[in-house]
Amino acid sequence: MTFPDLGSRTLTALRVEDALEAAGAERATADTLAGLSAHPDSRVRALVARHPNTPVEVLGTLAPLFPREVLANPGLPLIRLARPNLLNVFPAEGVIALLSQPDAPGWVLDGAARHEDFGVRAALAARPDLTPQRVAALAQDAGWQVREAVAKRADLPEALVRQLVGDDDYDVRKAVAARPDLPGDVLRTLVQDAHGIVRASVARRLDLPLDCMLTLGTDEDGDVLATLARRVDLPRNVREWLAGNESPVVRAAALQAWSVPAPWLDRAEHDADPDVRAALARRPDAGAERLTQLAGDESETVRRALLERNDLPDGAILALARSPEQDIRLHIASAEGLTGNVLDALLGDPDSAVRTILAVRPDLDQERLARLATDPDGEVRRAVAYAEAPGEEVLTRLAADINAGVRRAAARHRDLPPVLLPILATDPDEGVRLAVAGRVDLPEGVRERLLSDPDESVRAEAGLNPM
């Protein structure tokens, strides 16, 4: 088979075997290879990426997915001689893919350093095997993203650390503040940084000196104070100051420390801000009585915070089951291990969706299912018919329900009393009769009756399940 005259659309539609043959042909033309570069089979595209006749622009589009094949292309040396700025033709993601290869050659690193896209230069700055000279050059790059990548390098010389701590961009300084190897004087410089994000980054450090904690404790930025307040190693006076701060964000953060004095918990329970009370609701040492109290909190924020726990006492669960928010009550209705008091509260829920969730609980007893079987909402009654074991009395009631959808569900239940089958087989609703016809346990007389049903679908269903 010959391929030079085939159009690009035809080439992409070639059988895989033919496309592999074309892409591997020594004399494949640039046009043929360009057409095959869009073939759906990855093996074909990989062969195109390795072919020396593949156009440069096509190599660029293939590089993101086939970087190793592109680098192994035997035509690259000649292409580089003809086009010294080869990588500027490649899209940024293609060059980044080439840089991701551990054995990327030096010419790729050089080309990436000159690439106009800052994302390429930032990817270069993140490589672990750069020379000190290249790292120093990248630390002077015009793109802050590149300097940020340099600031995150594990092997950064102290001289460059000190240079970047004075960078004009706060993201670069933030990256410096997160380094584990900062000299003390650099830390103290960052504590006084003009940007709160940088100071907050310093406040997270495990090795933060005591004098830096004291300095940050007087910070005017709420995020900085909140970050500091979450620490477990603060001096007592700083912790107490932050726990009583005018900002609710800071007070809530102070409650997130591992251990806080008991009076703080009492004070937080009556705090005016719901975010502080929500922080208290998340604490593992809140206690059953306190959690029950919080479950009746006037704020939805506090009640939702309690839903994050899996150790709520019965009193708190019962209070949440009476919450004004439907989704909170639905969450409780689907929870495991509910007590009888909670189930009874949910049985009387004004929202039928909550009662429907209850009806399909595998642990709901027959007495409560019987109550739901008389529910005014048909969806709830139908859900009872899907229960694992509603009992003969309940199924009998549901089989006579005024709602055809409920009777249809009851007609399919495996525990339906056999005495009901002849009755349901003459139901005025064809859907009920169809459900009966699909059963495999029909008495012959009932099946015979359904085989002569006026509805064609019922007759066909009955004929599929002979005795």
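Student: Which helices each supply at least two residues of the lining of the largest pocket?
Tutor: This is a predicted model, in which local features need pLDDT of at least 70, side-chain atom pairs count only at pLDDT 80 or more, and totals for chains, interfaces and linings use all residues. Residues are numbered from 1 along each chain as its sequence is written, and side-chain values use heavy atoms, leaving out hydrogens and water. A pocket is an open set of points on a 1 Å grid over the protein atoms alone, where a 1.4 Å probe fits, with protein on both sides within 12 Å along at least five of seven lines, and its lining residues have an atom within 4 Å of a point. With helices taken as DSSP runs (H or I, at least four residues) numbered from the N terminus, those that each give at least two lining residues are helix 25 (314-320) and helix 26 (326-333).

Student: What volume does the second largest pocket have?
Tutor: Among the residues that line the second largest pocket are Trp258, Asp275, Arg282 and Arg283, and by class its lining has six nonpolar, one polar and three charged residues. Its volume, meaning the space filled by probe spheres set on the grid points, is about 160 Å³.

Student: Arginine 283 also meets the side chain of aspartate 285 in a salt bridge; is arginine 283 buried or exposed?
Tutor: A salt bridge needs a side-chain nitrogen of Lys or Arg within 4 Å of a carboxyl oxygen of Asp or Glu, and here the N to O distance is 2.9 Å. Buried means under 20% relative accessible area, exposed over 50%, and partly exposed in between (1.4 Å probe, protein chains only). Aspartate 285, at 36%, is partly exposed, whereas arginine 283, at 3% relative accessibility, counts as buried.

Student: How far apart in sequence are the parts that arginine 199 and aspartate 219 tie together?
Tutor: The side chains of this pair meet in a salt bridge of 2.6 Å, N to O. Arginine 199 lies in helix 16 (residues 196-203), while aspartate 219 sits in the loop between helix 17 (210-216) and helix 18 (222-229), so the parts joined are separated in sequence by 20 residues.

Student: Why is helix 30 described as largely enclosed by the rest of the structure?
Tutor: The buried residues of helix 30 include Val380, Arg381 and Val384. They pack against helix 28 (352-359), helix 29 (366-372), helix 31 (392-399) and helix 32 (404-412). The helix (residues 378-385) is largely enclosed because, of its eight residues, the number buried is six.

Student: How many residues are in the largest nonpolar core?
Tutor: A nonpolar core joins buried Ala, Val, Leu, Ile, Met, Phe, Trp, Tyr and Cys residues through side-chain atoms within 4.5 Å. Leu450 is one of the residues that touch the most other members, and its contacts (heavy atoms within 4.5 Å), not counting residues up to four places away in sequence, include Ala425, Val436 and Val458. The number of residues in this core is 147.

Key: Nonpolar A, V, L, I, M, F, W, Y, C, P; charged D, E, K, R; others polar.
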